[in-house]
Amino acid sequence: MLADLRQNPWRLLLAINAAVIVGVFIHKVKLPPYVPYIHLLVDYHFGFIKRALVGAIVALFTDKVPVWLVFAISGAAWLVTLALFVRLFQKTFGFTAKTLPLFVFMAGSPYFLKNFMHTLGHFDIYGCLAALVLLLMPAGSLLFVATAALFSIILVLIHHIHLLMYVPTIITIVVIRHYLTYGITRTNVAFGLAALACVSALFFAAQFLGTMPIPQADFIAYLKTRMADPSREDLLQFAYIWYQPLAKEISDTWAWLPHNSLGIPVFALLLWLHTPLWRYFAGLIRALASELHRRLVIAALIGVSLAYLVMFAMVFDYSRWMSSWAVCMFLILHAVKMLPAKHETPLIPEEDKKTNLFGLVITLIPRVGIVRPF
């Protein structure tokens with residue numbers, strides 16, 4: 001047993017990751033610094049407003065919302081995301097001793113499942129979940145493009161910032177899995193452009209027309225009628241975000257930029273620790289059989305990254321944005337692996353000491369955080 005672990009420590013790292021995830025969950029439940037409960041209270045009672053879809057769905061089933069429902073809903077989403085990612089990895093790479101390092105660098109990354117556990121109740125995971133479904137479902141018909149459009153609409157209704165966070169990755173997956181694989185026709189191009197126009201129009205409607213139409217005091221009074229425990233007024237402290245204009249969000253972000261940018265060296269270190277994974281990804285791109293495919297994949301990676309730069313300039317939850325960007329890279333990696341290649345890309349080495357050390361360090365890091373690192 002010990003000899004096997006010395007020869008292949010990645011099984012041990014996988015077990016440590018599982019223990020770390022349990023620890024993050026216990027910490028989240030026992031000592032929650034902030035529970036994003038208010039999103040379950042806000043619905044369409046006063047008309048169309050931004051960030052209200054989840055609350056509207058909850059309102060269909062219950063008039064009073066307990067705090068534990070935050071963990072029930074987000075915990076279920078986390079478990080589904082884990083199951084879908086395991087299925088995707090099995091479909092794309094299979095589970096062998098040689099693919100285990102690759103699995104640990106993705107599934108065990110502090111950017112991914114561990115950080116989603118830390119941010120239980122936040123909306124980021126729903127974009128990842130939608131992308132995983134699109135990576136697993138058949139992509140040969142326009143139903144695939146329609147499903148991607150529907151997912152994008154749902155994500156924008158959950159939170160309009162998904163247009164920058166996960167919709168570009170969903171577009172990339174659609175282009176790779178449908179258009180590059182099955183060909184481009186007038187019909188599917190027209191359908192895709194129409195879908196993109198609808199999603200974009202919905203974003204602008206949510207951003208500029210989705211402001212709460214009543215005074216904030218009346219809004220808070222309504223939210224209290226939805227709470228199982230109205231005395232927990234501390235959970236309503238972020239009600240102002242339904243009134244805050246985009247200009248205020250940007251000014252706040254830039255005001256905090258000098259302080260929050262102190263975390264940039266930590267983000268750079270975390271990216272460096274994933275070097276074996278990035279090298280493998282670069283190898284996949286270089287191995288693509290079509291030069292056009294290589295150029296389009298690189299353009300997509302630049303486009304997704306530029307969307308995150310815009311987010312960095314608008315909202316200061318930097319740790320979340322950095323984590324979601326990395327998750328988008330993991331998802332696009334799987335999509336690229338589905339394209340025709342001229343040769344097989346060597347996997348992450350199992351016995352390289354530096355790679356093993358990097359794997360151990362990212363395994364021991366429990367999360368990246370929400371605003372600042374850790």
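Tyr308 is in contact (heavy atoms within 4.5 Å) with Leu164, Met165, Tyr166, Trp321, Ser324, Trp325 and Cys328, leaving aside its neighbours within four places in sequence. This is a predicted model, where local features need pLDDT of at least 70 and side-chain atom pairs count only at pLDDT 80 or more, while totals for chains, interfaces and linings use all residues. Residues are numbered from 1 along each chain as its sequence is written, and side-chain values use heavy atoms, with hydrogens and water left out.

**The nonpolar core**

- A nonpolar core here is a set of buried Ala, Val, Leu, Ile, Met, Phe, Trp, Tyr and Cys residues joined through side-chain atoms within 4.5 Å; buried means under 20% relative accessible area, exposed over 50%, and partly exposed in between (1.4 Å probe, protein chains only).
- Helices are DSSP runs of H or I with at least four residues, numbered from the N terminus.

**Around Glu249**

- Look for Glu249 in helix α13 (residues 246–260).
- Glu249 counts as buried because its relative accessibility is 10%.
- Not counting residues up to four places away in sequence, Glu249 touches Arg51, Gln244, Met314 and Val315.

**Around Leu235**

- Leu235 sits in the loop between α12 (216–226) and α13.
- With a relative accessible area of 5%, Leu235 is buried.
- Beyond its neighbours within four places in sequence, Leu235 is in contact with Val35, Tyr37, Ile38 and Val67.
- Leu235 and Trp256 are 21 residues apart along the chain, and 23 Å separates their C-alpha atoms.

Methods
Helices (H or I, at least four residues) and strands (E, at least two) are DSSP runs, numbered from the N terminus.
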